[in-house]
Amino acid sequence: MTDIDHAAPRRRLPVFTGILVLIALAILISLGTWQVERLHWKEGLIADIAARQAASPVPLADIEAMAATGGDIEYRKVTAAGRYINNKERHFFATWRGQTGYYIYTPLELADGRFLFVNRGFVPFDNKEPEMRMQGQLTDQQTVTGLAREKLPGKPSWVVPDNDVAKNIFYWKDLDVMAESVGLEKASVIPFFVDADSTPNPAGLPIGGVTQVDLPNDHLQYAFTWYGLAAVLLVVVAISWFRKGAKPPQQ
């Protein structure tokens, strides 16, 4: 009985180990396959955004209609006409090409009396106040071409500072608060932003065309990593089995 009792665990151990190996192998292959699927999705998304940016601009009404039906308006090229309300501009803390400063968000009053917040572009830190860039404070009728940007549903992350409305410094683009802080009713504000293109402004400020499309695409590297770990696991198991099979029988 003692020999049988001792032999049984030795017979079960390889089966148990084999099950663990199969589970680990299945997980590693699944993770690799998931990364390949993510790779195809990301490549499609990047191509789609590039196509949107290269397309001809459409009227603001078309983007509004798309947004109203839940369509994806992000990075779609749009054109709008109106008059900038310069005394209601909001300042979004940003960096542009290594320089610290602000993006200038100014409400554009449309012909129907509604307002569209336009990211007119970047100004250096020392040019935050309008009097430091008066030539760029356009006052007559303007036609703006740029990219539609969706309204954020909330604060992007807990690490992002709270907006300092009193000092007119925004760390995240809270459209509702931007509008409220300058006395605009929510119902009168278009529910998305527009980033102006790089058309030069007088005296060079603000600097338009600051939209940054940064979509990391490391999924192929991750896929190779998971598949590589699966291959290593197979090699380790094969070597282990080979060594066990090569042992001489016990006398």
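Asn168 is placed in the loop between β6 and α3. Helices (H or I, at least four residues) and strands (E, at least two) are DSSP runs, numbered from the N terminus. This is a predicted model: local features need pLDDT of at least 70, side-chain atom pairs count only at pLDDT 80 or more, and totals for chains, interfaces and linings use all residues. Residues are numbered from 1 along each chain as its sequence is written, and side-chain values use heavy atoms, with hydrogens and water left out.

Phi of Asn168 is near 55°, a positive value in a residue other than glycine. Asn168 is buried, at 10% relative accessible area. Buried means under 20% relative accessible area, exposed over 50%, partly exposed in between (1.4 Å probe, protein chains only). Ala203 also has a positive phi, near 65°. Ala203 counts as exposed, at 60% relative accessibility. Its place is in the loop between β7 and α4. Pro206 lies in the loop between β7 and α4 (219-246). A cis peptide bond joins Leu205 and Pro206, with omega about -5°. Most residues other than glycine have a negative phi, and most peptide bonds are trans.

## Nonpolar cores

The largest nonpolar core has 18 residues. Such a core is a set of buried Ala, Val, Leu, Ile, Met, Phe, Trp, Tyr and Cys residues joined through side-chain atoms within 4.5 Å. Tyr103, Tyr105, Phe117 and Leu184 have the most contacts inside it. Two or more residues come from each of β3 (90-96), β4 (99-109), β5 (115-124) and α3 (175-181). Another core, of 17 residues, lies apart from it; Leu60, Leu108, Leu110 and Ala148 are among its members.

## Aromatic pairs and charges over rings

The whole structure holds seven aromatic pairs. Rings of Phe, Tyr and Trp (its six-membered ring) pair if their centres lie within 6.5 Å; planes under 30 degrees apart count as stacked, over 60 as edge-to-face and the rest as tilted. Tyr103 and Phe122 pair edge-to-face, 6.3 Å centre to centre with 85° between the planes. Tyr103 is in strand β4 and Phe122 in strand β5, so this pair ties together parts 19 residues apart in sequence. Tyr103 and Phe122 are buried.

Tyr105 and Phe193 are also edge-to-face, at 5.3 Å and 75°. Tyr105 lies in strand β4 and Phe193 in strand β7 (residues 192-196), so the pair ties together parts 88 residues apart in sequence. Both residues are buried. Ring pairs link Phe92, Tyr103, Tyr105, Phe122 and Phe193 into a cluster.

Lys173 lies over the face of Phe193, 5.8 Å from the ring centre. The charged end of Arg120 sits over the ring of Tyr84, 4.6 Å from its centre. The criterion is NZ of Lys or CZ of Arg within 6 Å of the ring centre and within 35 degrees of the ring normal.

The largest pocket has a volume of about 360 Å³. On a 1 Å grid over the protein atoms alone, a pocket is an open set of points where a 1.4 Å probe fits, with protein on both sides within 12 Å along at least five of seven lines; lining residues have an atom within 4 Å of a point. Of its 18 lining residues, Phe92, Tyr103, Arg149, Lys173 and Gln212 are the closest to its centre. β3 gives the largest share, four residues. The lining has 11 nonpolar, four polar and three charged residues.

The second largest pocket holds about 190 Å³. Its lining includes Tyr84 and Arg120. Strand β6 (residues 141-150) gives the largest share, four residues.

Methods:
Points joined across faces, edges and corners; volume = space filled by probe spheres on them. Nonpolar A, V, L, I, M, F, W, Y, C, P; charged D, E, K, R; others polar.
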